[in-house]
Amino acid sequence: MTELNLYEYENKLYEQGVSYIAGVDEAGRGPLAGPVVAAAVVLKKGAKLKYVNDSKQLSEKQREKALEEIKKNALSISIAISSVEEIDQINIFRATREAMQSAIHKLSIKPEYVLIDAMPMELDIPFLSIIKGDTLSISIAAASIVAKTTRDQYMIEMDKLFPEYHFKKHKGYGTKEHLEIIHKLGPTPIHRKTYEPVKSMIKKKK
């Protein structure tokens, strides 16, 4: 990942006189269990972050290092969560969008421009939705890391409540081991009831 790629969108906006740019991303659209978490980050103008990259490319230790760097270089960070109940009620797309919009509104500084990872929005602030934005914008990459580390921490806490499901290991994603455990023990209250194979298993029980 070259520096030019990660800073290009921000640098163009700075050149246009924009000072406060928010990057927005989410974690947890795909898992069978747990919430979807959105984060918004406004970095200091011109901040250069050594450890920040797309959260999926980093190891857990690297993400923790990156998170510390983000906290030192951010003017504002906010987090919003859509619960499993909300995901099942309104669908994952809408739950994700609502969490992202909520994260933007919760920022302590109102951004002048918002860069969003691949999600159409309705905002009263100028914005750009970028496909694979977490690999192309430092602000979105920072939000990606905040969202991912927040959600992972939540799933580690859930592992303590449901140790036999090994949430600490797979974070709710549909790994072979996770699927085998659900088939054996059934779903927990934090499993998404509208997601397969959880949906079919609940029907069978009825």
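The legends below describe close-up views of a predicted model.

**View 1. Helix α2 and its length.** Helix α2 takes in residues 60–73, a run of 14 residues.

View 2. Which residues of α2 are buried? They are Arg-63, Ala-66, Leu-67, Glu-69, Ile-70 and Asn-73. These residues cover an arc of only 165° around the axis, which means that they sit on the same side of α2. An α-helix has 3.6 residues a turn, so residues three or four places apart point the same way. Lys-61 and Lys-72, by contrast, are exposed on the other side of α2. The buried residues of the helix pack against strand β2 (36–43), strand β3 (74–82) and helix α5 (138–161).

View 3. Rolling a probe the size of a water molecule over the atoms shows where empty space is left. When the whole structure is searched, one cavity of 30 Å³ or more is found, and the largest cavity holds about 40 Å³ of space. Its lining is made up of Tyr-7, Glu-10, Asn-11, Tyr-14, Leu-43, Lys-44, Gly-46, Ala-47, Lys-48 and Ile-138. Helix α1 (residues 3–15) gives the most to this lining, contributing four residues. By class, the lining of the largest cavity comprises five nonpolar, two polar and three charged residues.

**View 4. The largest pocket and the residues around its centre.** The volume of the largest pocket is about 150 Å³. Ten residues line this pocket, and those closest to its centre are Glu-26, Ala-27, Gly-28, Lys-56 and Tyr-173. Strand β1 (21–27) and helix α5 each supply at least two residues of the lining of the largest pocket. Sorted by class, that lining has two nonpolar, four polar and four charged residues.

**View 5. Lys-184 in helix α7.** Lys-184 has its place in helix α7, which is formed by residues 176–185. Is Lys-184 buried or exposed? Its relative accessibility is 71%, and therefore Lys-184 counts as exposed, the cut-off for this class being over 50%. Lys-184 and Leu-67 are 117 residues apart along the chain, and their C-alpha atoms are separated by 37 Å. Leu-67 is one of the buried residues of α2.

Terms used:
Residues numbered from 1 in each chain as written. Predicted model: local features only at pLDDT ≥ 70, side-chain atom pairs only at ≥ 80, totals over all residues. Heavy atoms only, no water. Expected span 1.5 Å × (residues − 1). Buried < 20%, exposed > 50% of the residue type's maximum accessible area, 1.4 Å probe, protein only. Arc of directions from axis to C-beta. Contact = heavy atoms within 4.5 Å. 1 Å grid on protein atoms, 1.4 Å probe; cavity = no way out; pocket = protein on both sides within 12 Å on 5 of 7 lines; lining within 4 Å. Points joined across faces, edges and corners; volume = space filled by probe spheres on them. Nonpolar A, V, L, I, M, F, W, Y, C, P; charged D, E, K, R; others polar.
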